[in-house]
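Here is a short report on one structure. Keep the sequence and the 3D view at hand as you read.

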Amino acid sequence: MESQLLSSIIGSLLLYTLLIISINNFIVGKTSLWPVGHIGFFGIGGFLTGVFIIDAALNPWLALILSLLGGLAISVLIGVITIRLRSDYFVIFSIAFCEIIRSSTIYLKGPAGMRGIERPGLMGIDLGNDWYFIFLVLLPVFLGTVFIAYRFYRTPIERIFALVRNHEYVARLYTLSPNYYKIGTFILGCSIATIVGGLYTLFTRSTDPSTITIYQSIMVFAMVIFGGINSIRGSIIGGLMIIIIPKILEYSINHPLSTYYTAQIVQLMYGLLLIVIIRFMPGGIMGESMRWFYSSSEE
Amino acid sequence: MTPTILELKNVSLKINGSTILRDISLNGDQGNIYGIFGSNGSGKTSLFNVICGLHKLFTGEIKYYGLLPHRVDPILISKLGDGIARSFQVPTVVNELTVLDNLLLSHRFQGDGFLSLIYRRKSDILLEQHATEEIEIMLEKFKLKDKKNEYAGALSYGERRILSILATVLTNSKILLLDEPFANLNIYMIDSFKELFHYLKEKEKRLIMIIEHSPDYLMDLSDYYCHLHAHTLHQYRSNRITNEDFIQMFKSFHHTYD
């Protein structure tokens, strides 16, 4: 029982960290667009994987790939439409998108989602055990994504994004197309979120529309700001925060009433932490984007 | 006979019914420096914007390297021929990048796309190394070499201006449009820039257009004076006129204000 609890915590930690990386290191950090409803793509991945496995009785791996293609197609569509929007309009569009996805999943499969999704085998290994699934599937995906996110800093593409964020017209004069870079990284981020959604479905063996509410999305997004925009370590800290804090609170408060109020206490803690962080560390815990500012204010 | 690489024919620009540029024709020859003067609001910066494609709604035609772009688009225009680069009145450096990164931005590497995230070709890495060496030589000249790994946001306003002009030059475009490059710089830096522009003109045969308010800086530099007055352009060959002529010319244009 203890081991099962631990594996579920580790698994959701990896998946939520991936989701935060897909927002932080691929979209917010690069384009400074705020996809507040990004969890919609997580929902698409999870829902499509569930539908393909349960209704179409496809191989789970095939279902995962098909749902990735679905997410890719939708992100291309959304990216081309919204990438020219100014920041605040993009936020509103993103929230609306998340809400559309949540309502449609509820409309199609009911508020309880789907249950009884079987995990696939991998080259003869039964992935029914959580630990096998974590080490053979989640960890490689996690490391691969972190590697790609890390590669941004080692290639000219990172400084191109910095230019596009700050002076779009100058990027145009350098023959760099801002829309190409913005849409490209948006699609990358959305595809990763879609895969994460699919893996989450396989991991929990069910889909749940309550994980893709706008409240959840804002929570995940708050962790991006908390950890530090455009920082991989910041994303990992954000992932730890969103998974560990509720668990710690759940087990540390032993008052009989407290279990009832845990959710509220967690929200209280998050709000308090976010206020403290924004007041004292405006760039987030691992914020690097403000370093030039600190060095110039020393004069 | 130097080839004409920039050709403006009857270019006019109207914004909300008010005339910004009226019927401007100009031939830009390779290996020449054009000093563009004019009072505030006479349309000097707008002329640059029109040339590099930032203003789309103009009439007339502009040919770059003898080519007419099928669409007015800064990306398309800067890809024509040997390229076109422009600096702005305000520094356009990226504060959150280092000095070196800011200058590397103006170089275009083959593998700038998303595939470079997975694999970068050896040739691209070599290209970047060469560019870095070239940039270090340039930084040495402008006394910024010690600061090459500092954030551009930590530099002073003047240093950031130098940086953005250097970035324009380092694009290796044959047409350079510089908007007040000498403003806010000390006299030594101005001399260094004059030396650089002279080198670019003589050795690399570039076409340089410089907007400036004070003709003093450009007296010994420019081959042509272009005077924008009442939205129209008047062009003079500089070796034909003396200093006194120049002052007379300015006065004659500005007699309406006296």
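## Where the chains meet

This is a predicted model. In it, chain A gives 26 residues to the contact and chain B gives 28 residues. On chain A, four helices each supply at least two residues: α5 (130–151), α6 (157–166), α7 (168–173) and α12 (291–296). Of these, α6(A) gives the most, with 6 residues.

What kinds of residues make up the side of chain A that touches chain B? There are 13 nonpolar, 9 polar and 4 charged residues on that side.

## Two domains in chain B

Chain B has a domain 1 (4–93 + 171–257) and a domain 2 (95–154). Their centres, taken over C-alpha atoms, are 28 Å apart.

The two domains of chain B touch through 4 residues of domain 1 and 6 residues of domain 2. The domain 1 side holds 2 nonpolar and 2 polar residues, and no charged residues.

## The sheet of 6 strands

Start with the open sheet of 6 strands in chain B. Its order is β5-β6-β7-β3-β8-β9, and its pairing is mixed. Why is one side of β5 (84–87) and of β9 (232–237) of chain B left without a neighbour in the sheet? Both stand at the edges with a single partner strand each, so one side of each has no neighbour there. On average, neighbouring strands of this sheet are turned by 15 degrees against each other, direction ignored.

Now look at one pair. Strand β8 (residues 224–229) of chain B runs antiparallel to β9(B), and 6 bridges join them. B:L228 has B:L233 in β9(B) as its bridge partner. Strands of a sheet pair through backbone hydrogen bonds, either parallel or antiparallel.

## The sheet of 3 strands

Chain B also has an open sheet of 3 strands, in the order β2-β1-β4, with antiparallel pairing. β2 (18–29) and β4 (58–64) of chain B are the edge strands, and each pairs on one side only. From one strand to the next, the twist averages 10 degrees.

Strand β1 (residues 4–15) of chain B is joined to β2(B) by 8 bridges. Here B:L13 stands opposite B:L21 in β2(B).

Helix α5 (residues 157–169) of chain B lies across β5 and β6 of chain B. It runs at about 175 degrees to β5(B).

Conventions
Residues are numbered from 1 along each chain as its sequence is written. Chains are lettered from A and ligands numbered from 1 in the order in which they are written. This is a predicted model: local features need pLDDT of at least 70, side-chain atom pairs count only at pLDDT 80 or more; totals for chains, interfaces and linings use all residues. Two residues are in contact if their C-beta atoms, placed from the backbone, lie within 7 Å. Ala, Val, Leu, Ile, Met, Phe, Trp, Tyr, Cys and Pro count as nonpolar, Asp, Glu, Lys and Arg as charged, and the others, Gly among them, as polar. Domain bounds come from an automatic or database domain assignment. Two strands pair if DSSP finds at least two bridges between them. Axes are lines fitted to C-alpha atoms, for helices over the stretch in contact, and angles run from 0 to 180 degrees between N-to-C directions.
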